[in-house]
Amino acid sequence: MMQQRTVYDVCIVGSGAGGGMAAYALTQAGANVIMLEAGGPWDNTSDDSAMLRPNYSSPRRGGSTPDRPFGEFDACIGGWNIEGEPYTRADGTRFDWWRARMVGGRTNHWGRISLRFGPDDFRRKSLDGLGDDWPIGYDDIGPYYDRLDRLIGIFGSREGLPNDPDGIFQPAPKPRCYELLVKKACNDLAITCIPGRLSILTEPLNGRAACHYCGHCNRGCQTNSNFSSTNVLIAPALETGRLTLRTHAMAREVTLDSAGRASGVSFIDANTGVDEHVQARVVILAASALESTRILMNSKSSQFPDGLANTSGMLGKYLTDTTGSDVAGFIPAMENHIPHNERGVQGGHVYMPWWLDNSKLDFPRGYHIEVWGGLGEPGAGFMGGIHRYPPGGGYGVDLKKQYRQYYGTTVGFSGRGEMIPNEQSYAELDPEVKDRFGIPVLRFHWQWSDHEINQVRHMQETFRAIIEHMGGTVFSPMPTRENGYGIATGGRIIHELGGARMGDDPSTSVLNGWCQAHDVANLFAVDGAPFVSQADKNPTWTIMALAWRASDYIMEQRTQGRI
Ligand SMILES: Cc1cc2nc3c(=O)[nH]c(=O)nc-3n(C[C@H](O)[C@H](O)[C@H](O)COP(=O)(O)OP(=O)(O)OC[C@H]3O[C@@H](n4cnc5c(N)ncnc54)[C@H](O)[C@@H]3O)c2cc1C
Ligand code: SF4
């Protein structure tokens, strides 16, 4: 094994949302940091980005490839399956794990829906008796959400909703035509429908340009108008001269010194296969929730035979993903529209935060609704097939006429809801299977409960009611209870969280409220692993707020000589 001589203040594993945030905060505060990143370099401000390439420029029309499942121009290199890096599932389990392998991780192509958790989201057990409370509350994290808004930029509108706190918003883009129709239907049906909240600049901020509405955010924005860890966090961290970025470095294990403190990280150079070790005074895992969990499980020693920081036995437990289900339909009012440019940002310009009282429903937690449709750039398989539109089909001139008539008449809704952590959803090391680096892989166990299934039925009924109220026709029949009302497979919404949850009690949690291991004071995890619950919000703004807060704490503890 090659041993690096430099002892860094901090070693961060992973350069996505959590790792990038920690690198930014720590280098600004003066720490000397090394970052290990399993993937290769990437720069969305350079020619790496296909932001301006039309789908028709490729024979595949932008269709997917094995390492770009979201389309060949998508910015994220990775996917559900990575060659040589498998994972396994227990019998009967359906769970899919998305992994990025590049600098910036999934923040290169994420949807940029940036929602704050609300005060109730940190104390759900106190409110309805299910799951667990967090050891921290909204007041602890609120100032960090504010800092993110100011540093990174976010658009939205001030609504004063109690559990969907407002941020420091730039103006939101105007709703598109179909979004105005959706909003009208929602108003009639008493469903809250408000401007979207996305980390995309509508006004210049901190040297970055405002969005020019090309609608290709997932390809990596060349003008740096949307948020990616790569160019909004890691680039300025590198500019301080205090960040060493080591790409193609696959972390395997956190090492310990004789006093039981983290001493560094051993990793494999993915290009050469050589084993290396880097020394650091503090280790931060940010390799994504489940990968950080795997690294801890694989860091076994006589002191921690069941995995590092696992005296509670909670490592790998209480995994969650957002619940998801979609419905799309045909809206005749949008037929033969006057051609116009309505591109805007890639995501929806409106969305529906949770608007109902659960005490009157047969499921305990909520969901928000994401809206899609309109005149997005046609790509492979666009509109899902003309046969779905009346009287779709045919050849030649008729076919072209139909495409013009029906283009832009689809509207779709995706529910994104809160799963309650349960004991049946967890990860463990597979006793036999190893990846191409010789590192044991994760085996998943997954189970939805009636809480999630009933919630998804409600999603389906709501989306169908909105489409019908718009005078439209739903494309698919109502799914049945036997198939979970169309609930997406675990992991498919790519908001996997938990595995090293935080808590005040070291016998029931892995980390404390500062994302610090109860068992090892100089070890932290700042991705989705510390999450105690999901909330009905996408998680990344909270991952970054927690990472920034943990970084401040690390600097303070180091100043006081505690770690
Ligand atoms: C298509 C898509 C849309 C999404 N939309 C949204 C959204 O709108 N809003 C939202 O809040 N969230 C969204 N998400 C989820 C969001 O991307 C994640 O929550 C977030 O990126 C997680 O940050 P992270 O730092 O934990 O992990 P990642 O961003 O995945 O970064 C982890 C990094 O660690 C590296 N790594 C992994 N293993 C190792 C190892 N062993 N050694 C060294 N490096 C390693 C990886 O290469 C990667 O760069 C979306 C995700 C996808 C895929
Ligand atoms: S829509 Fe705006 S933020 Fe998205 S890629 Fe285009 S310019 Fe960048």
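Student: Which residues does Asp-146 touch, not counting residues up to four places away in sequence?

Tutor: Bear in mind that this is a predicted model. Here Asp-146 touches Arg-116 and Ile-168.

Student: What joins the side chains of Asp-146 and Arg-116?

Tutor: A polar contact of 2.8 Å joins them.

Student: Where does Asp-146 lie?

Tutor: Asp-146 is in helix H3, residues 138–152.

Student: Does Asp-146 count as buried, partly exposed or exposed, and why?

Tutor: Look at relative accessibility. Buried means under 20%, and exposed means over 50%. Asp-146 has 25%, so it counts as partly exposed.

Student: And His-349: buried or exposed?

Tutor: His-349 counts as buried, because its relative accessibility is 4%.

Student: Where is the place of His-349?

Tutor: In a loop. Strand S11 (323–330) is on one side of that loop, and strand S12 (350–352) is on the other.

Student: Which residues is His-349 in contact with, leaving aside its neighbours within four places in sequence?

Tutor: Among them are Pro-173, Lys-174, Pro-175, Arg-176 and Glu-179. The list also includes Ile-194, Arg-343 and Gly-344.

Student: Which side chain makes a polar contact with the side chain of His-349?

Tutor: That of Arg-176, at 3.3 Å. A polar atom of the His-349 side chain also lies 3.2 Å from the backbone nitrogen of Val-345.

Student: Now the ligands. How many residues surround ligand 1?

Tutor: There are 35. The closest are Glu-37, Arg-106, Gly-111, Ile-113 and Thr-540.

Student: Which backbone atoms lie 3.0 Å or 2.9 Å from ligand 1?

Tutor: Take them in turn. A polar backbone atom of Ala-17 is 3.0 Å from an oxygen atom of ligand 1. A backbone N or O atom of Ala-100 is also 3.0 Å from an oxygen atom of ligand 1. For Ala-251, a backbone N or O atom lies 2.9 Å from a nitrogen atom of the ligand.

Student: Which residues come nearest to ligand 2?

Tutor: Cys-211, Cys-214, Gly-215, Cys-217 and Cys-221, out of 15 residues around it. By class, the shell has eight nonpolar, seven polar and no charged residues.

Student: How is empty space found?

Tutor: A probe the size of a water molecule is rolled over the atoms, and this shows where space is left. In this model, the second largest pocket has a volume of about 350 Å³. Its lining has 22 residues, and Asp-120, Arg-124, Asn-163, Trp-354 and Leu-356 are closest to the centre.

Student: How does that lining divide by class?

Tutor: The lining of the second largest pocket has eight nonpolar, five polar and nine charged residues.

How values were computed: Residues are numbered from 1 along each chain as its sequence is written. Chains are lettered from A and ligands numbered from 1 in the order in which they are written. This is a predicted model: local features need pLDDT of at least 70, side-chain atom pairs count only at pLDDT 80 or more; totals for chains, interfaces and linings use all residues. Side-chain values use heavy atoms; hydrogens and water are left out. Helices (H or I, at least four residues) and strands (E, at least two) are DSSP runs, numbered from the N terminus. Buried means under 20% relative accessible area, exposed over 50%, partly exposed in between (1.4 Å probe, protein chains only). Contact means heavy atoms within 4.5 Å. A polar contact is a pair of N or O atoms within 3.5 Å; within protein, one must be able to donate a hydrogen and the other to accept it, and residues adjacent in sequence count only if both atoms are side-chain atoms. A residue is near a molecule or strand if one of its heavy atoms lies within 4 Å of it. Ala, Val, Leu, Ile, Met, Phe, Trp, Tyr, Cys and Pro count as nonpolar, Asp, Glu, Lys and Arg as charged, and the others, Gly among them, as polar. On a 1 Å grid over the protein atoms alone, a cavity is a set of points where a 1.4 Å probe fits but cannot get out, and a pocket is an open set with protein on both sides within 12 Å along at least five of seven lines; lining residues have an atom within 4 Å of a point. Grid points are joined across faces, edges and corners, and a volume is the space filled by probe spheres set on the points.
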